Amino acid sequence: MRHLVVADIHSNLAAFQTVIDDARQQEGFDSIWCLGDVVGYGPDPHDCIALLRRYKHICIAGNHDLAAAGKLDTRDFNDEAAYANHWTAHQLTPDDTAYLVSLPIRAEQGHFTLVHGSPRQPIWEYLIGQHEVMANLTCFNTPYCLVGHSHVALVFEQIGENRCMRHRLSSGETILLGQHQLIINPGSVGQPRDGDPRAGYAIYNEESNKFVCYRIEYDITATQVKMRKARLPQSLINRLEEGW
Ligand code: ZN
């Protein structure tokens with residue numbers, strides 16, 4: 001089985017469709033593992049949910065998904081994120097909302113634990129620094145954990161009792177799934193924040209035990225034009241081409 005691993009699609013249909021097409025041309029995939037935040041920020045929340053649901057998949061709830069479904073208060077969001085989230089809630093069909101409400105906040109798939117933020121705090125915690133990563137290594141029972149939320153393509157590897165390595169992932173890079181515990185973020189499909197505006201994703205192949213990360217260009221302008229029409233905040237439009 002091959003799994004397409006995606007996170008933080010954020011209603012960016014152009015990016016999501018490009019990722020699916022690109023993954024098909026790489027080694028292909030049998031199912032999608034989505035690490036949350038299908039919606040929020042971008043212009044196509046319904047279409048992104050519909051596209052995901054066309055495939056065999058498992059999807060974890062992200063903070064934006066729960067807020068758009070009315071399950072989480074947007075008081076903890078910044079102004080632009082909250083505005084976009086209220087706009088998003090109005091674009092969803094009742095079936096979309098029911099789907100978002102139904103999402104689990106944590107799942108295990110073979111050797112992997114799947115969460116949005118962190119295994120310790122699945123909804124809110126960002127895993128960026130070594131300190132919080134060390135505290136999280138005891139919070140999952142599988143060898144590897146997949147996270148999203150920070151929108152930064154990263155892998156953390158435990159290399160001793162009190163140490164872990166942090167490594168930024170580049171396109172085409174294969175992560176070795178060995179004996180050490182790993183926390184992997186495949187990067188964001190729809191709103192990368194690591195200085196590289198290209199959409200990020202990964203493919204995990206169970207048979208070859210390979211986990212390969214990719215970055216792919218998509219039509220950023222197409223998404224920006226839709227956001228302008230929807231009168232979504234200018235800063236959210238600009239950041240797509242800047243990759244932050
Ligand atoms: Zn996100």
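**Exercise 1.** With which residues is Asn12 in contact, leaving aside its neighbours within four places in sequence?

*Solution.* The model is predicted: local features need pLDDT of at least 70, side-chain atom pairs count only at pLDDT 80 or more, and totals for chains, interfaces and linings use all residues. Residues are numbered from 1 along each chain as its sequence is written, and side-chain values use heavy atoms, with hydrogens and water left out.

Step 1. Locate the residue: Asn12 belongs to the loop that joins β1 (2-6) to α1 (13-25). Helices (H or I, at least four residues) and strands (E, at least two) are DSSP runs, numbered from the N terminus.

Step 2. Apply the contact criterion, heavy atoms within 4.5 Å. Asn12 then meets Cys48, Gly190, Tyr218, Thr223 and Leu240.

**Exercise 2.** Is Asn12 buried or exposed? Determine also which polar contacts its side chain makes.

*Solution.* Step 1. Buried means under 20% relative accessible area, exposed over 50%, and partly exposed in between (1.4 Å probe, protein chains only). Asn12 has 1% relative accessibility and therefore counts as buried.

Step 1. A polar contact is a pair of N or O atoms within 3.5 Å; within protein, one must be able to donate a hydrogen and the other to accept it, and residues adjacent in sequence count only if both atoms are side-chain atoms. The Asn12 side chain has such a contact with the side chain of Tyr218, at 3.0 Å. A polar atom of the Asn12 side chain also lies 3.2 Å from the backbone nitrogen of Ala15.

**Exercise 3.** Describe the setting of Arg106 and find which backbone oxygens its side chain reaches.

*Solution.* Step 1. Arg106 sits in the loop between α5 (94-101) and β4 (107-109). Because its relative accessibility is 31%, Arg106 counts as partly exposed.

Step 1. Not counting residues up to four places away in sequence, Arg106 touches Ile60, Thr113, Leu114, Val115, Pro119, Cys139 and Phe140.

**Exercise 4.** What share of the residues in the protein chain is buried, and what share of the contacts with a separation of 6 or more joins residues 24 or more positions apart?

*Solution.* Step 1. Of the 244 residues in the protein chain, 58% are buried.

Step 1. Residues 24 or more positions apart account for 71% of the contacts in question.

Step 2. As for secondary structure, the protein chain has eight helices and 12 strands.
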